[in-house]
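My entries follow the structure.

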Number of protein chains: 2
Amino acid sequence: MPQHAINPNVSVDCVIFSFNNQELEVLLIERSAGNTDKVDEIKALPGNLIYEDETLDCAAERVLTELTGLENIFLEQVYTFGDPDRISKKHDQDWLRSIRAHPEARVITVAYTSLINKERFNLTPSSFARNAVWVKVKDVPQLGFDHNDILEKALDHLKQKIYIKPLGYELLPDRFTLAQLQKLYEAILDDKFDKRNFRRKILRTYFIVPLNEKQQGVAHKPAGLYRFDKSLFHQM
Amino acid sequence: MPQHAINPNVSVDCVIFSFNNQELEVLLIERSAGNTDKVDEIKALPGNLIYEDETLDCAAERVLTELTGLENIFLEQVYTFGDPDRISKKHDQDWLRSIRAHPEARVITVAYTSLINKERFNLTPSSFARNAVWVKVKDVPQLGFDHNDILEKALDHLKQKIYIKPLGYELLPDRFTLAQLQKLYEAILDDKFDKRNFRRKILRTYFIVPLNEKQQGVAHKPAGLYRFDKSLFHQM
DNA sequence: TCAAAAGTGTTCAAAATACACCCATGT
DNA sequence: ACATGGGTGTATTTTGAACACTTTTGA
């Protein structure tokens, strides 16, 4: 078997979320067609076939890096999609023919997800990603393949998780205000909370710790800044 | 493409749980080697390669039926396992060579799970399942492939789910006592609960409804029987 | 009459919810 | 001075946890 032989039947797709202080966003690529200058105006999640000799987790990390430049992202598996017709829409087939050796092969795909703070990373799209863009989750257009379903599933997964582990610090700056954190929760859960109750609940955890610093240059009472204390968190 | 062509790279495995009024059990098969009379004493989860033209969900249902005779089981996807070495242990390879066209092919597997009341189903093992047996989860031996990992993940999944939706009525007779239900919860969550608090919490849901019947022939005060009211449940 | 499991209430602590006003800053 | 979002406390309800005795039946 040649090194880095491709498995034609299994792919991974990555659903990377970020937060712009108001809304959840997801990372999409604009597909360009292989070596030709053909361009495909349909957006998609970053994803591609796996290699024969890598784990699924590694494949997801590699594919994400190849397409978007994001490195060392902790990805978590969400769900596997295997409808036999999931890549057979005409438009998708046209595009696959331009980049794949076996565009008609049955492909099942394993979806992965992660949360990142987009300010901390540069996007350097390459391979068949002509571009990589952050799109508000609420504005996501019709995507290629079954990627709208995949996004939906990743969102459900995210909502579940935030109840169990208080996530989301990955999405915020190192130092953040409680209002920012609250907006993040509201964006993920698509809900509204009472400010006082939210603050009380967060501070009761003791791993969101106040810094002795305040916002500067805002035209209102400056908010106190907090940070997430990883070691305190892991103690519990 | 021939009808029912096999996809050599993707399989499904089924983790079917039942309950014997004391403990959780899981359904395992004893593998027999293809057309030969060779026998493999290692147990495994029921699973096999998928067909090119079926969904993953359908494949799981079909494979389960082929191997164990269980029909119309509602299966739910759990997780996908894709370590490149997951089927390459010598013993597993020996066995695969006796039943597969490409025993060395990379296979990723999608795990499915379900809960059933074993009293309601007959096991009629066939294909390469020489036998199908219920084994107490706590007594599960070393299984073939990575099936111990898969079982572990399915158990985690089950624990998560029972917090969200009160499951488990599938595992009990139509008419059951609250003590049986409590034992079931204790088995799944590997915990103990206070009887009074448990009963209160269950009855507060209103979809576990009392029948005007009691146990008969028990050498103690007979327990009242209850049933799960599906339509009341779905109203909430 | 005994053994075995069923059934039942109360108290306390913790957590969730609802709700309204003053404060610090920049413009 | 005013507009903006920051910050705070209390009362009520709901939920979860701990805990012990009496009842009914068959053997």
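I took a disulfide to be a pair of cysteine sulfur atoms within 2.5 Å. This is a predicted model, where local features need pLDDT of at least 70, side-chain atom pairs count only at pLDDT 80 or more, and totals for chains, interfaces and linings use all residues. Residues are numbered from 1 along each chain as its sequence is written, chains are lettered from A and ligands numbered from 1 in the order in which they are written, and side-chain values use heavy atoms, without hydrogens and water.

**Cysteines**

I searched the whole structure and found 0 disulfides over all chains. I then checked B:Cys58: it is in no disulfide, and the nearest cysteine sulfur, in B:Cys14, is 12 Å away.

I looked up exposure next. Buried means under 20% relative accessible area, exposed over 50%, and partly exposed in between (1.4 Å probe, protein chains only). A:Cys58 is partly exposed at 42%. B:Cys58 is also listed as partly exposed, at 42%.

**Chain A overall**

I counted 6 helices and 9 strands in chain A; these are DSSP runs (helices H or I, at least four residues; strands E, at least two). The C-alpha trace spans about 60 × 35 × 25 Å along its principal axes. Of the 236 residues of chain A, 49% count as buried.

I also checked contacts (heavy atoms within 4.5 Å). Among those in chain A between residues at least 6 apart in sequence, 71% join residues at least 24 apart.
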